[in-house]
Amino acid sequence: MTTRKNDEKPGKDSKAISRHQIPLLPLRDVIIFPHMVVPLFVGREKSINALEEAVNKKTDLFLVAQKQAGTVNPTEKDIYQIGTIGTILQILKLPDNTVKVLVEGKKRAMIRGFVPNDRFMKVEVDELAEGVDITVELEAMIRSLKNIFESYVKLNKRIPPEMLMSISTVDDPSRLADIIVAHLNLKLEDKQAILELTDAGKRLERLLALMQGEIEILQVEKRIRTRVKKQMEKSQKEYYLNEQMQAIQKELGEKDEFKAEIMSLEKQVRAKKMSKEATEKVMREIKKLRMMSPMSAEATVVRNYIDWLITIPWSELTDDKIDLSMAQKVLDEDHYGLDEVKERILEYLAVRSLNENKKGSILCFVGPPGVGKTSLARSIAKAMGRKFVRTSLGGVRDEAEIRGHRRTYVGALPGKVIQSMKKAGTANPVFLLDEVDKMSMDFRGDPSSALLEVLDPEQNHNFGDHYLEVDYDLSKVMFILTANSLYNIPKPLLDRMEVIMISGYTEIEKYNIARNYLIPKQVAENGLVSKQIDFTDKALNGIIRSYVKESGVRNTERVIATVCRKVARQVVLRREKKRPEKQLKITVDWLEKHLGPPKFTATMAEEKSEIGLVNGLAWTEVGGDMLQIECTIFPGKGKITITGKLGEVMQESAQAALSFIRSRSDRLGLERDFFEKIDIHIHVPEGSIPKDGPSAGVTMATAIASAVCKIPVKRNVAMTGEITLRGRVLQIGGLKEKMLAAKIGGVDTILIPKQNAPDLKKIGKDILKGLTVIPVDSADDVLRTALELKNPAEFLKKRTIADDIVPTSASGSQQSSGTISASGEPVAH
């Protein structure tokens with residue numbers, strides 16, 4: 001048998017004590033030391049043949065490492081020269097044609113040559129002698145090695161603590177080094193270098209150096225782990241785990257949906273024309289989102305924030321339809337009357353056609369309920385070709401409802417303004433802020449103050465929402481606000497609006513709206529056709545006068561809808577009974593039969609003039625009303641009683657009226673102590689309804705003058721106006737509604753403040769027809785006109801008034817001359 005000698009012989013100075021020819025088993029990424037038992041999985045054909053040879057001939061194996069683990073068929077040059085002679089303890093064939101073998105290392109050996117063999121690798125090896133001389137230095141190294149290994153075991157949790165017990169009984173330096181090195185996490189080259197050292201002292205020295213380096217590395221890792229563990233929160237832990245999950249998904253070839261979503265967001269940002277500030281902000285948030293775990297709560301918050309920034313309109317605009325004729329047609333089709341409002345909208349469109357950079361207007365429609373303020377705003381958007389959004393401010397009492405909540409709060413959202421802009425989808429919609437007078441305030445802030453920035457054309461180009469944290473441009477928005485009353489709107493907010501008053505409809509306007517708009521609408525909504533139902537003029541006027549009481553037409557539409565439903569029922573019943581269909585005529589008798597008797601009756605003037613009874617005019621949120629103010633006197637001690645659930649302002653007006661009449665005592669022919677001997681009671685009927693305002697001042701003064709002078713007040717006269725202590729009559733509001741109420745009440749003469757005379761130009765001819773309007777500027781003129789006097793021009797110019805009184809038994813007036821006493825009897829002079 002011939003052998004090939006290897007020229008390179010590591011460990012040349014080592015002594016060979018015996019030579020063997022045994023099968024060779026090349027190992028990948030593992031080195032087996034003497035005294036070490038290791039399980040191996042063998043799959044290469046030559047390696048399996050080598051195992052079979054060793055088992056069959058009951059010989060040892062030569063266990064040696066490959067220089068490169070990736071080499072599939074190693075040759076002589078691919079194998080280290082020094083390895084370990086091992087014995088097979090157990091062998092087991094597995095179903096996948098691999099072999100599991102348990103081997104034990106015995107002695108170091110060096111290859112002297114390769115024995116030719118086609119089935120497996122066979123080598124001739126020399127067993128290496130290991131000389132050991134126990135010296136003090138070696139003893140010290142053994143103790144140091146055990147102590148260092150103990151520290152290593154404490155730092156490396158992969159080594160079981162039982163190893164410390166097993167090595168404590170080992171005194172052989174060679175065996176100790178081989179046992180310890182087998183448990184160290186060293187590179188293959190370092191382990192091979194230790195295996196090739198036959199001198200136990202050098203081996204211990206090399207091992208000590210390597211272990212010291214490993215311990216330093218483990219200590220650094222421990223410090224890092226401790227520091228990271230202290231800093232790591234739940235979200236960071238989830239991020240770490242999710243990163244591992246993503247790595248696993250990537251290895252499995254699964255799509256990374258989270259990264260794809262982030263890429264989609266970046267693409268949307270690049271395509272969106274946002275402000276520079278918003279673009280930088282959203283890119284920073286996307287960068288932050290990329291570093292987060294997609295399952296964390298913070299990532300959801302950031303994702304929602306990015307969505308809001310991307311979805312709200314920044315530069316998306318709709319083109320205005322600058323066609324005045326078409327806009328006029330749209331407004332006329334949707335609403336009857338309201339000429340002032342329509343004219344203002346057409347003016348705005350005309351300006352837009354001449355100046356496209358004109359800032360958005362801020363209009364405020366003020367009027368009673370049901371006059372069409374909200375629907376008018378929708379028609380404006382339709383006429384202009386803009387998107388329409390509506391937000392109700394009724395009951396809003398939190399400033400955050402307007403400006404939004406900061407992102408630090410759970411469930412934070414932008415305010416109503418930004419939410420509505422997102423809903424509109426354009427940066428220039430018609431934005432309706434409904435019921436602005438119904439806002440309130442509490443400890444959470446004042447929403448009306450937050451609206452100051454929204455409604456100021458000089459500020460709203462950089463409106464700041466707490467949630468967005470970037471400026472948003474509202475300057476292109478056309479804001480329209482609605483309110484029932486101006487009293488509850490703060491003055492700074494009111495100053496930013498262009499107020500357009502929308503008064504209540506007259507009966508003629510209500511009739512035209514009902515005939516041309518409401519009836520066709522309700523007939524269609526209730527499944528009827530025009531040939532099945534016909535409202536007579538008297539029935540329609542009966543609904544307006546007797547079944548509703550309002551300035552608008554909302555309740556009128558409800559009553560018409562009720563009539564249509566009842567007609568629809570009758571139509572269905574006739575069809576079920578197979579009777580021929582016929583047109584049902586709605587008459588006044590039909591209304592009383594199906595809707596019951598009239599629910600409302602207008603306050604009508606009395607049939608005859610009476611003392612102490614005056615027709616006053618009042619404005620309410622549902623329109624004008626005629627109030628009959630009563631006054632009576634009786635013996636007493638100068639006390640005045642005011643009843644009828646009157647507000648403070650109206651009670652003060654009564655006091656002012658009384659003071660004025662007392663200042664005219666001498667001209668009225670009253671004794672100096674007249675008012676000290678009587679009590680006065682002023683009452684305004686319908687006591688359950690609250691009443692307030694200064695415009696009843698002249699009415700109460702007239703009632704007091706009539707009562708103390710025993711002079712009747714003309715039944716066909718109504719009046720309104722605030723009175724001063726000097727008798728001046730001041731301007732009032734709601735003139736149109738008051739005049740309409742007076743006309744319905746059967747009055748033909750109305751006394752108004754002279755300052756309100758220019759307002760008569762804005763009142764329709766249908767209201768003024770049949771009315772005599774007398775502007776007055778002093779209460780003396782009111783008394784001369786309202787009281788039934790023989791010679792009104794001389795009234796209040798002399799002390800006695802008996803000659804001025806019109807003799808009539810019905811009025812109960814006195815015909816004797818002289819001054820009137822507190823008992824009502826004339827006093828002779």
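Me: In strand 5, which residue is the bridge partner of Leu63?
Reply: In this predicted model, strand 4 and strand 5 run antiparallel and are joined by 3 bridges. Strand 4 covers residues 61-65 and strand 5 covers residues 82-93. Within strand 5, Leu63 has as its bridge partner Thr84.

Me: Which strands are the edge strands of the open sheet of 5 strands?
Reply: The strands of this open sheet pair in parallel, in the order 9-10-13-8-14. An edge strand pairs on one side only, and this applies to strand 9 (388-392) and strand 14 (498-501).

Me: What angle does the direction of helix 12 make with that of strand 14?
Reply: Helix 12, residues 339-354, packs on the sheet. Its contacts there are with strand 8, strand 13 (478-483) and strand 14. Relative to the direction of strand 14, the direction of helix 12 makes an angle of about 145 degrees.

Me: Is Ser379 buried or exposed?
Reply: Ser379 lies in helix 13, residues 373-384. Leaving aside neighbours within four places in sequence, Ser379 is in contact with Val330, Leu331, Asp334 and His335. Its relative accessibility is 4%, and because buried means under 20%, Ser379 counts as buried.

Me: Is helix 11 roughly parallel or roughly antiparallel to helix 13?
Reply: The axes of helix 11 (residues 324-334) and helix 13 come within 9 Å and cross at roughly 155 degrees. Angles over 145 degrees count as roughly antiparallel. Therefore helix 11 is, relative to helix 13, roughly antiparallel.

Me: How many charged residues does the contact of helix 11 with helix 13 have?
Reply: Helix 11 contributes Ala327, Val330, Leu331 and Asp334, while helix 13 contributes Ser379, Ile380, Lys382 and Ala383. By class, this contact has 5 nonpolar residues and 1 polar residue, and the number of charged residues is 2.

Me: What is the handedness of the crossing of helix 9 and helix 10?
Reply: The axes of helix 9 (residues 276-290) and helix 10 (residues 297-311) come within 10 Å and cross at roughly 155 degrees. That angle makes helix 9 roughly antiparallel to helix 10. The crossing of the two helices is left-handed.

Me: How many charged residues are in the contact of helix 9 with helix 10?
Reply: The residues from helix 9 are Lys281, Val282, Glu285, Ile286, Lys288 and Leu289. Those from helix 10 include Arg303, Tyr305 and Leu309. The contact holds 9 nonpolar residues and no polar ones, and its charged residues number 4.

Me: Why is helix 22 described as oblique to helix 23?
Reply: Helix 22 (residues 648-663) and helix 23 (residues 697-709) pack with their axes 8 Å apart. Angles under 35 degrees count as roughly parallel and those from 65 to 115 as roughly perpendicular. Helix 22 is oblique to helix 23 because the angle between them is about 45 degrees.

Me: How many nonpolar residues are in the contact of helix 22 with helix 23?
Reply: Among the residues that make this contact are Met650 and Ser653 of helix 22 and Gly697 and Met700 of helix 23. The contact has 2 polar residues and no charged ones, and its nonpolar residues number 10.

How values were computed
Residues numbered from 1 in each chain as written. Predicted model: local features only at pLDDT ≥ 70, side-chain atom pairs only at ≥ 80, totals over all residues. Heavy atoms only, no water. Pairing = 2+ DSSP bridges. Helix = DSSP H or I, 4+ residues; strand = E, 2+ residues; numbered from the N terminus. Contact = heavy atoms within 4.5 Å. Axes fitted to C-alpha atoms, helices over the stretch in contact; angles between N-to-C directions. Nonpolar A, V, L, I, M, F, W, Y, C, P; charged D, E, K, R; others polar. Left-handed = near helix turned anticlockwise from the far one by under 90°. Buried < 20%, exposed > 50% of the residue type's maximum accessible area, 1.4 Å probe, protein only.
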